[in-house]
Amino acid sequence: MSSKSRQSRKEREAFFSRPWSGPNRHYDIFKEGGIALLVVTVLVVALSALFSSPDDPALTFKGWAQNDGNTLYATAVAELAGTSDSAGYGPPYNSNSDGVSLGPLFLQKWGGVTHPIDAANDFVITPLSSQVEPNDVSAAIKQWNAATPDQQAKWAGDYDTALNDQAGAAGDPTKVPAGDYGPVPDLAKGVVAMASTGAYDNAMTGQGQFFQTDQTKQLLLMGDGAYLDDAATADNLQGNTWGMMNEAGSWPGQQWLAFASVWYQLPAFNAPDDATGITRTLTDNADVIIAAILVLLLVTFLFTPYIPVLRDLPRWIPLHRLVWKDYYTKHGRQTT
Amino acid sequence: MELLGISLDQPASYWQIWDWISVSIPNLIMIIIMLALFVLALVLPFPKGHEES
């Protein structure tokens, strides 16, 4: 650092550290806080009385099985075949992919598999094995457990392909052509039957702990099927309709999340399924890329006083003179 | 809800501003209210305290 710049820095510091010689004003923060609290309390009570508040019932596997059993059936098959979103998600649940990346930075992979999930066992075999099943389902569980991993993958993969063939069954189990699918149809049927009684919800929530607070498996399985997705679409809770900040129904959402939610509206982060190239990469890694953008914005905000142009904005757009108009009316543009 | 005769349980309507950008009517109302409060805060006189020089 040159002696000249050191000198000018000292001068600047001396300038800014001078004692305040302008007018002082008595200010009672407790009084203002008390009034604000009172106003907000009255508003909250009045608006709640007038408009009520969202109270949507939670989605359950019982509701899924009763309202849209075929998609639960297809999801159970996908879990057995390893083709569901969560089965191929990668860390922290499994090693079946690298997970999202920020360019060359594979953040998910670096985190490792900290919450291991075996989709076929955790979502199908273990819940079914937790209760007394009809003979066909019991026999299917035994057949599945006795088979080699290759055989299991062949049965489930073939059935998954046949079930989702848009020119064939198109998701309807009754239209799947005959084939060697082993115990897979009976296992999927067993999941739907178990869920329709409510027993599947109990099996998933009571996973060996008295106070169960880990809902990861339930959410992953819900996310793998169309039931949760359709419910989110119906309530405008998808990312591309400001879902991150929206409330269910017609109540206003959390406006302070708009700066994060706005990025999910951009076409670059909403590529269609058949898109390729850069938009595919951006969409597949949208969460981590948008998180990085937000961190960058936050850092920029923190360092505003050091960033040319940004730090000059108050001089070019002197909004503060409107806020402190009394002061500027009396004192003009002088700083003391 | 009965007092106003408005059911907020239904999904909100959206105003499609442009090809890919839209805003829900409830959120738009909140944005307008926030902007109005900001303008009022600028325009309305600040309560006078005891000035000491």
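Q: Where do the coordinates and the numbering come from?
A: This is a predicted model, in which local features need pLDDT of at least 70, side-chain atom pairs count only at pLDDT 80 or more, and totals for chains, interfaces and linings use all residues. Residues are numbered from 1 along each chain as its sequence is written, while chains are lettered from A and ligands numbered from 1 in the order in which they are written.

Q: OK, what is pLDDT, and what is its mean in chain B?
A: pLDDT is the predictor's confidence in each residue, from 0 to 100. Its mean in chain B is 81, with 74% of the residues at 70 or more. The model as a whole scores ipTM 0.80 and pTM 0.81.

Q: And where in chain B is confidence lowest?
A: In strand S3 of chain B, residues 51–52, where the mean is 52. Confidence is highest in helix H1 of chain B, residues 25–43, at 92. Where pLDDT is low, the predicted coordinates should not be read in detail.

Q: How are helices and strands picked, and how many does chain A have?
A: They are DSSP runs numbered from the N terminus: helices are H or I over at least four residues, strands are E over at least two. Chain A has 17 helices and one strand.

Q: Is chain A compact or spread out?
A: The radius of gyration of chain A is 29 Å, well over the 20 Å that the globule rule gives for 336 residues, so chain A is more spread out than a compact globule. That radius is taken over C-alpha atoms, and the globule rule is 2.2 Å times the number of residues to the power 0.38. Along the principal axes, the C-alpha atoms of chain A fill a box of roughly 90 × 55 × 40 Å.

Q: What share of chain A is buried?
A: Of its 336 residues, 24% count as buried. A residue is buried if 20 or more other C-beta atoms, placed from the backbone, lie within 10 Å of its own, exposed if 12 or fewer, and partly exposed in between.

Q: Which residues touch the most other members of the largest nonpolar core?
A: Val77(A), Leu187(A) and Val191(A), out of 40 residues in that core. The helices of chain A that each supply at least two residues include H3 (61–81), H7 (149–163) and H8 (184–196). H3(A) gives the largest share, eleven residues. A nonpolar core is a set of buried Ala, Val, Leu, Ile, Met, Phe, Trp, Tyr and Cys residues joined through C-beta atoms within 7 Å.

Q: What does Val191(A) touch?
A: Leaving out residues up to four places away in sequence, Val191(A) touches Leu72(A), Ala76(A), Val124(A), Leu128(A) and Tyr200(A).

Q: How do H3(A) and H7(A) cross?
A: Their axes come within 8 Å and cross at roughly 145°. Axes are lines fitted to C-alpha atoms, for helices over the stretch in contact, and angles run from 0 to 180 degrees between N-to-C directions. Residues making the contact include Val77(A) of H3(A) and Leu163(A) of H7(A).

Q: Why is Leu163(A) counted as buried?
A: Leu163(A) counts as buried because it has 25 C-beta neighbours inside 10 Å. Among the residues it touches are Ala74(A), Val77(A) and Pro173(A). The C-alpha atoms of Leu163(A) and Pro173(A) are separated by 6.4 Å, although the two are ten residues apart along the chain.

Q: New topic: which peptide bond is cis?
A: The bond from Pro91(A) to Pro92(A), with omega near 5°. Pro92(A) sits in the loop between H3 and helix H4 (107–111) of chain A.

Q: What about phi at Ser52(A) and Asn236(A)?
A: Ser52(A) is not a glycine, yet its phi is positive at about 60°. Asn236(A), also a residue other than glycine, has a positive phi near 55°. Most residues other than glycine have a negative phi, and most peptide bonds are trans.

Q: Last one: how many residues of chain B are in contact with chain A?
A: 25 residues of chain B are in contact with 25 residues of chain A. On the chain B side, H1(B) gives the largest share, seven residues.

Key. Two residues are in contact if their C-beta atoms, placed from the backbone, lie within 7 Å.
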